[in-house]
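The sequence and structure are shown first.

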Amino acid sequence: MNRLEALEHFHKTYAEEVLNQKIHHVASLYEQRKEEVILSFIQSFQWICQQANHVEVSKARIGYITYSMRRTYLVERNYNYIIEAYDKSWFFDPGPCQGAYDAGWAFSFWGELVDELSQLRKPYMNKVIQPDVERFALQAAEEFHKYILQLAKDAIPHGNANKKWTVTGER
């Protein structure tokens with residue numbers, strides 16, 4: 001078996017199955033703890049709004065709030081999304097407010113995926129290497145990110161009905 005055949009076998013035999021299991025765990029956890037994670041998300045949103053309105057920062061008016069997943073954070077097993085509040089000039093805002101939202105409830109399963117695949121690759125005797133596992137896992141991160149997007153969408157009805165909210169999953 002050459003390297004490409006080994007990699008294809010690894011993906012079909014293990015990687016896709018383990019990913020499906022982890023996504024199933026995230027889905028189950030989300031349904032079981034939905035109200036709790038919605039509340040946590042809303043609290044992170046309220047916190048960044050309070051920070052933006054703090055006298056030291058004094059944003060005249062919040063124009064945009066972003067939640068950003070950083071893949072470099074994932075590699076370090078830091079499952080925080082960066083929250084940033086900008087004025088109407090968005091990325092040209094000279095002083096955006098920053099905070100963090102802990103998405104460990106979902107991304108801890110991503111970490112388990114990496115750990116399990118790292119062990120499962122060993123019988124391939126270096127035909128499947130750790131960077132192959134990391135590449136697969138980083139590509140799979142989007143599957144976990146979808147639950148954060150769903151969380152944001154589910155949290156919207158709990159927010160102020162007089163505001164216009166938009167949730168996008170752009171990369």
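The side chains of E84 and Y86 are joined by a polar contact of 2.7 Å; such a contact is a pair of N or O atoms within 3.5 Å, where within protein one must be able to donate a hydrogen and the other to accept it, and residues adjacent in sequence count only if both atoms are side-chain atoms. This is a predicted model, in which local features need pLDDT of at least 70 and side-chain atom pairs count only at pLDDT 80 or more, while totals for chains, interfaces and linings use all residues. Residues are numbered from 1 along each chain as its sequence is written, and side-chain values use heavy atoms, with hydrogens and water left out.

E84 lies in strand β2 (residues 80–86); helices (H or I, at least four residues) and strands (E, at least two) are DSSP runs, numbered from the N terminus. E84 is buried and has no salt bridge, with R70, the nearest side chain of opposite charge, 4.0 Å away. Buried means under 20% relative accessible area, exposed over 50%, and partly exposed in between (1.4 Å probe, protein chains only). Lys and Arg count as positive and Asp and Glu as negative, with His and the chain ends not counted.

D93, in the loop between β2 and β3 (97–102), counts as buried at 7% relative accessibility. The D93 side chain reaches the backbone nitrogen of D87 at 2.8 Å.

The structure holds 9 salt bridges, each a side-chain nitrogen of Lys or Arg within 4 Å of a carboxyl oxygen of Asp or Glu.

| Pair | Closest N to O |
|---|---|
| K22 and E112 | 3.0 Å |
| K22 and E116 | 2.6 Å |

Because K22 lies in helix α1 (residues 3–32) and E112 in helix α4 (residues 104–120), their bridge ties together parts 90 residues apart in sequence. K22 is buried, at 5% relative accessible area, whereas E116 is partly exposed at 30%. E143 and K146 both lie in helix α5 (residues 130–155), 3 residues apart, about one turn of the helix. Salt bridges that share partners also join R3, D132 and R135 into one network.

How many disulfides does a search of the whole structure find? The search finds 0, a disulfide being a pair of cysteine sulfur atoms within 2.5 Å. The sulfur of C97 is 9.6 Å from the closest cysteine sulfur, in C49, which is too far for a bond. C49 counts as buried at 19% relative accessibility, and C97 counts as buried at 5%.
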